[in-house]
Amino acid sequence: MKNFESNVQYIKYLVNKEVANRFFHGTLVPGPFLERDIAEAIIPGPKAMFRCCIYKERHIIEDRVHLVLEPTKGDVVINVLDSACDECPLDRFVVSDSCRGCLGHKCQENCPRGAISIVNHRAYINQELCIECGRCKAVCPFGAISEVMRPCMRSCPVGAVKMDENRKAMIDHEKCISCGACVHQCPFGAIVDKSFVMNVLNLLRDSFNNTTYHVYAAVAPAVASQFGDVKVGQVFAGIKELGFYDVVEAAIGGDMVAIAETEEFAETIEEKKWKTTSCCPAFVDYVRKNHPNLMDHVSTTVSPMIAIGRAIKAKDPLARIVFIGPCTAKKVEIKQPDVQGVIDYVLTFEELRAMFDGKDLDLANLAELNAGDPSSYGRIFARTGGVAESVRRVAKLEGVNVEINPVRCDGIDECIKAMKLASFGRLDGNLIEGMACKGGCTNGAASIFHDARGIQRVNTFSREALTDDPTEGIRGYNMEEVNMEREFDKE
């Protein structure tokens, strides 16, 4: 667990680890110099580790610590850390040395704003006139016009990342779907997701060893893709060691959803003609903000997170629940009006790893813990195609006589394409499985690792399940007590 994909991920880890370590050891003492003290502990100097100087680094670390100790107010999850933004170059299209000063001047003739002139037999782009349409780049026979785009802007599939008057990145929250792609892709770590680390630590502490209330951890099945050097059962054991009352696989909620989703599909498909899944909150948010007139095609079945949360609280009135997964959008979902209060807080896998190390836990030496027995299909909700496969499996087991022709959307770009086709009545299928992250939850923005091996590990974890029947995966829960429906706010 000592490997990191980037220095950005490493810095986030160091901040969360230091905060957690001080909390568990009773040395996280509030005071005017706490943030500076933590920053100096992480960046001891005298030389800088990542930036131009230790003073810049420490300033950014202090801001990061502040966001952990005092999370941003309101329900907005994705924000910009101004001190970390490098104000990347804004000139999107520039003429390179490959320009031959040709006679055709196609770049100049195709520019709709007259932004291109010929100076000393070479093309020149007036950036004050350029509208970044890209026509010049498309027609240049030498490929001499290059495109430079901020990584945060390039990563955003819905155009929610913009620049303010100071050339700093800013988030248009009217467009943002909280998928976290910009958080993952910003090379300076200037875009951050809201932290619930302190909320969770305080929740555990104030339970007084789970005597005043019981703190459950509902863990996403994508966990199988994240801690490759230890067994999944040892990860569950580590979570229990952090002070949780019990650990439950959210894949059981996946089984619940597969059953409810199949029933809803069979009852409504004749009227609706096509439906979408509702497990991915970023996908649902995309539909709500970009195709509000199509929201009645979105399944009203809750996500696995909400399903298992409601099921746990139906069994245990003292339950408080923390969802642990790879998704930043889940931090938005738990605050939505129709499901608010089911899940108390969300932790990401990145944050979980830091908490493990903050408490000096060696997962490899822990005995495995069983967190329930979901079906193999509940566990494959973690990857693209898993939801659709599970619905088709339930339909076959229960003899549902209706055709289910899924359109598996691997990433938000494919989701956008599928929704456009559906809006024009040209969808080649009747069930859109919307996954905002390419590969599914195994590639969530807050994953520890992002690679193809994650899907293989999830499939292996799925095969280790005791049953391939989702109806058996939910044994132990009285589904009559669990509300599996939600009512979306369509505004």
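Reader: The charged end of R320 sits over the ring of which residue?
Author: The model is predicted: local features need pLDDT of at least 70, side-chain atom pairs count only at pLDDT 80 or more, and totals for chains, interfaces and linings use all residues. Residues are numbered from 1 along each chain as its sequence is written, and side-chain values use heavy atoms, without hydrogens and water. A charge sits over a ring if NZ of Lys or CZ of Arg is within 6 Å of the ring centre and within 35 degrees of the ring normal. For R320, at 4.9 Å from the centre, that ring belongs to Y213.

Reader: How far apart in sequence are the parts tied together by F196 and Y345?
Author: The two rings form a tilted aromatic pair, 5.6 Å centre to centre with 45 degrees between the planes (pairs have centres within 6.5 Å; under 30 degrees is stacked, over 60 edge-to-face, the rest tilted). F196 lies in the loop between β8 and α8 and Y345 in strand β13, so the parts tied together are separated by 149 residues (helices, H or I, at least four residues, and strands, E, at least two, are DSSP runs numbered from the N terminus).

Reader: Which residue of β15 is the bridge partner of V407?
Author: Strand β14 runs parallel to β15, joined by five bridges (pairing needs at least two DSSP bridges). V407 has as its partner I432.

Methods
Phe/Tyr/Trp six-rings, centres within 6.5 Å; stacked < 30°, edge-to-face > 60°.
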